[in-house]
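Visitor: I would like to learn how to read a helix and its surroundings from a set of coordinates. Could you take me through it step by step?

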Amino acid sequence: GDAWANVAAIHMHNKEPFEAYPALNESLKLNRNNWRVWISKLYTCMDLKKYDEAIQACQVLIDFKSKRNISEGIPSLEEKVIRG
């Protein structure tokens, strides 16, 4: 999962959301509990206008926030965006 997340991060850094998107999906297939990858998927889906998947990512992140042990470290800015 981490290798795919790193590939996605490179594409995101290079402003290539179309290339980052499949790498994020592969990463999430292997580890669905990584909130950093879900945040990356949220931003990538917004860039690609895949709003249904962006909403799904928001829902997963909200679920993480309700489970304290998983949500530790999620920045408050993302929490505000999710709740907005």
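Predicted model: local features only at pLDDT ≥ 70, side-chain atom pairs only at ≥ 80, totals over all residues.

Visitor: Is P17 buried, partly exposed or exposed?

Guide: Burial is judged from relative accessible area, with buried meaning under 20% and exposed over 50%. P17 counts as partly exposed, because its relative accessibility is 23%.

Visitor: Which residues does P17 touch, once those up to four places away in sequence are not counted?

Guide: They are T44, D47 and L48. As for D47, it stands 30 residues from P17 in sequence, while the two C-alpha atoms are 6.7 Å apart in space.

Visitor: Where does N34 lie, and what does its side chain do at the start of α3?

Guide: N34 belongs to the loop between α2 (17-30) and α3 (35-47), and a side-chain oxygen of N34 comes within 3.0 Å of the backbone nitrogen of R36. N34 is buried, because its relative accessible area of 19% falls under the 20% cut-off. Apart from neighbours within four places in sequence, N34 is in contact with D2 and F64.

Visitor: How does one check the span of α3?

Guide: One compares the expected span with the distance between the end C-alpha atoms: at 1.5 Å a residue, the 13 residues of α3 should span 18 Å, and the ends are 19 Å apart, which agrees.

Conventions
Residues numbered from 1 in each chain as written. Heavy atoms only, no water. Helix = DSSP H or I, 4+ residues; strand = E, 2+ residues; numbered from the N terminus. Buried < 20%, exposed > 50% of the residue type's maximum accessible area, 1.4 Å probe, protein only. Contact = heavy atoms within 4.5 Å. Expected span 1.5 Å × (residues − 1). Polar contact = N/O pair within 3.5 Å; in protein donor to acceptor, adjacent residues only side chain to side chain.
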